[in-house]
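Look at the structure first, then read on.

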Amino acid sequence: MDAGSIAAAAAVGFAGGVTGGLLGVGGGVLFVPALVFFLGLSQLAGEATSLLAIIPVALLGAWRQYGYGNVRVREGLTVGVLSVPGVLAGAVLANEVSQRALELGFAALQLFFAVGLARRARSRNRV
């Protein structure tokens, strides 16, 4: 990697850490687009690299949030254990579909959740 790529990776890592701790996100939401846009990875390589990059963010963030009493351990472990078959199937599928399908699927998922979260926030302001 050249110096610009190293600087971009450091900025992405720092921003992912901040958003991970602040918003509980970072891997898919921030790391994937940043790896694709700023480091020039393919969508598939960005998604796969993000899975590795999120490990320290998730572990440290969960540990800190646990200290604040915010982690619901049973629910977190249940979702984590039940996601294992899904991630195995998803990794196989990601390697079988086109780059364009991955990009559009990722964008659609981001938009779906963004709209849902915005609606939820707006309805809470009205109460």
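Q: Which residues of helix 3 are buried?
A: This is a predicted model, where local features need pLDDT of at least 70, side-chain atom pairs count only at pLDDT 80 or more, and totals for chains, interfaces and linings use all residues. Residues are numbered from 1 along each chain as its sequence is written, and side-chain values use heavy atoms, leaving out hydrogens and water. Helices are DSSP runs of H or I with at least four residues, numbered from the N terminus; buried means under 20% relative accessible area, exposed over 50%, and partly exposed in between, with a 1.4 Å probe and protein chains only. In helix 3 the buried residues are Q43, G46, E47, S50 and V57.

Q: How far from its first C-alpha to its last does helix 3 reach?
A: Helix 3 has 25 residues. At 1.5 Å a residue (times one less than the number of residues), the expected length is 36 Å. The model comes close to that, with helix 3 reaching 35 Å.

Q: Which residue with a positive phi follows helix 3?
A: Helix 3 takes in residues 43-67. The phi in question is near 80°. The residue that follows helix 3 with this phi is G69.

Q: Which helix gives the most to the lining of the second largest pocket?
A: A pocket is an open set of points on a 1 Å grid over the protein atoms alone, where a 1.4 Å probe fits, with protein on both sides within 12 Å along at least five of seven lines; lining residues have an atom within 4 Å of a point. Here the lining is G17, G20, G21, P56, V57, L60, G61, R64, Q65 and Y68. The one that gives the most, with 6 residues, is helix 3.

Q: How far apart in space are the C-alpha atoms of L30 and A15?
A: L30 sits in helix 2. It counts as partly exposed because its relative accessibility is 24%. L30 and A15 are 15 residues apart in sequence, and their C-alpha atoms are separated by 8.0 Å.

Q: Why does the distance between the end C-alpha atoms of helix 4 agree with its number of residues?
A: Helix 4 covers residues 73-94, which is 22 residues. At 1.5 Å a residue, helix 4 should therefore span 32 Å. Its end C-alpha atoms agree with that, being apart by 29 Å.

Q: Which proline follows within four residues of the bend in helix 4?
A: Helix 4 bends by about 40°. The bend is at V84. The proline that follows is P85.

Q: Is R100 buried or exposed?
A: R100 belongs to helix 5. Its C-alpha is 28 Å from that of G17, 83 residues away in sequence. Because its relative accessible area is 57%, R100 is exposed.

Q: How far apart in space are E103 and R119, C-alpha to C-alpha?
A: E103 lies in helix 5, residues 99-126. At 34% relative accessibility, E103 is partly exposed. E103 and R119 are 16 residues apart in sequence, and their C-alpha distance is 24 Å.

Q: What pattern does the protein follow along the sequence?
A: The protein has 127 residues, of which 16% are buried. Its C-alpha trace spans about 45 × 35 × 30 Å along the principal axes. The secondary structure comes to 5 helices and 0 strands. Read along the sequence, the pattern is α-α-α-α-α.

Conventions. Helices (H or I, at least four residues) and strands (E, at least two) are DSSP runs, numbered from the N terminus. The bend at a residue is the angle between axes fitted to the seven residues ending there and the seven starting there.
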